[in-house]
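Please find below my notes on the model. They go from the overall fold to single residues.

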Amino acid sequence: ISTTRNTPSRCLFTMDLHALPVEVHFDDLAPIAQLIGVAFQDDPLFVKLCSREGAQCSNRADRIGWVLHRNMWLHRAEGSSYVVRVKDLVDTELRAKVIQRLLAPNASEQDDSASKSEGLQCSDEDVLSTPIAFHMWVSRTNRPALTLWEKVSAGLLLMPYYTSFHMTIAILALDRDGVYDELWAPGTGTQNKEGLEVFLLSHMVVHPAVQGTGLGSMMMRLSLDRTRQALKVKADRTSKEERALVVLGTELPQNVRFYGKLGFEVVHTKDEFVYNTPKPVLSTFMQIIVSSSDP
């Protein structure tokens, strides 16, 4: 899928949703996991998951990236994953800004040394291939249960070494799946009595350098459109309206506003008590019903 976002002054980018194949190599997910770690390092839930001391955890982004790298690998066959890379940006000014932020994340925009390196680094294939936005949709209706061996082989036993004992226990004790099942399990969840198919937006991240450009909302709209098109194909076979639920959970108030503008509605809030931390984190759970009859 390709599309273009236009503003009154210029075209910022074209966006190609590069689908990750099911047979994607484990190492290919590492740059995406790094992006997620950077984007999620200030998320209130991950702050508490990483350390009882919160902000005193110096390598929080690395810890988050390590865990979610394994998580993506385990769930890669259950849904759809899309990634946008630096080379998808067609606005040269925006691309140069992004590259500068990637190469020198702590440098100011007036840093001459960073600016001088832009021309050389803009043609670097490694830089151009760097992920700047990613999202992953997982089918909660048709997903197989993970075996203990799959979890162990993905690195469960190594988690205390690469993260911390606190983070390992906190993640294992966080019953997020139980909340999703209570709300949306087909036929039994409080929000899904009709037994609709459920898709979980498990990851939606945009690099700080391109936040506010409209890239994130465009990815969401295109993915929702893809879901509608799939439902319309199914409706043609069944000769009836087909519907599905897209659901998510977030701890950031700005994300609640962001998804609200896309049509998501808040259906549940919950205080998440993280292992061995005194104060809970407020989680907000949202949904949108997608139909084959949508325009």
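Among contacts in the protein between residues at least 6 apart in sequence, what percentage join residues at least 24 apart? The points below begin with that.

1. Of these contacts, 75% join residues at least 24 apart in sequence; a contact means heavy atoms within 4.5 Å.

2. This is a predicted model, in which local features need pLDDT of at least 70 and side-chain atom pairs count only at pLDDT 80 or more, while totals for chains, interfaces and linings use all residues. Residues are numbered from 1 along each chain as its sequence is written, and side-chain values use heavy atoms, with hydrogens and water left out.

3. The protein has 13 helices and nine strands. Helices (H or I, at least four residues) and strands (E, at least two) are DSSP runs, numbered from the N terminus. Of the 295 residues, 45% are buried; buried means under 20% relative accessible area, exposed over 50%, and partly exposed in between (1.4 Å probe, protein chains only).

4. The average pLDDT (the predictor's confidence in each residue, from 0 to 100) is 78, and 80% of the residues score at least 70.

5. Over residues 1-15 pLDDT stays under 50, and the model has 46 contacts beyond four places in sequence for them. Residues 112-122 also stay under 50, with 12 such contacts.

6. L158, Y161 and Y162 make a nonpolar surface patch of about 380 Å². Y162 belongs to helix 9 (residues 159-162) and counts as partly exposed because its relative accessibility is 42%.

7. T250 is in strand 7 (residues 243-250) and is buried, because its relative accessible area is 4%. Its side chain makes a polar contact with the side chain of N255 at 3.1 Å, and a polar atom of that T250 side chain lies 3.3 Å from the backbone nitrogen of L252. A polar contact is a pair of N or O atoms within 3.5 Å; within protein, one must be able to donate a hydrogen and the other to accept it, and residues adjacent in sequence count only if both atoms are side-chain atoms. Beyond four places in sequence, T250 touches R176, N255, V256, L282, S283 and T284.

Methods:
Patch = residues over 30% accessible without salt bridge, like charges linked within 9 Å, V, L, I, M, F, W, Y side chains within 5 Å. Areas by Shrake-Rupley, 256 points an atom, 1.4 Å probe, with all protein chains shown as cover. Salt bridge = Lys/Arg side-chain N within 4 Å of Asp/Glu carboxyl O.
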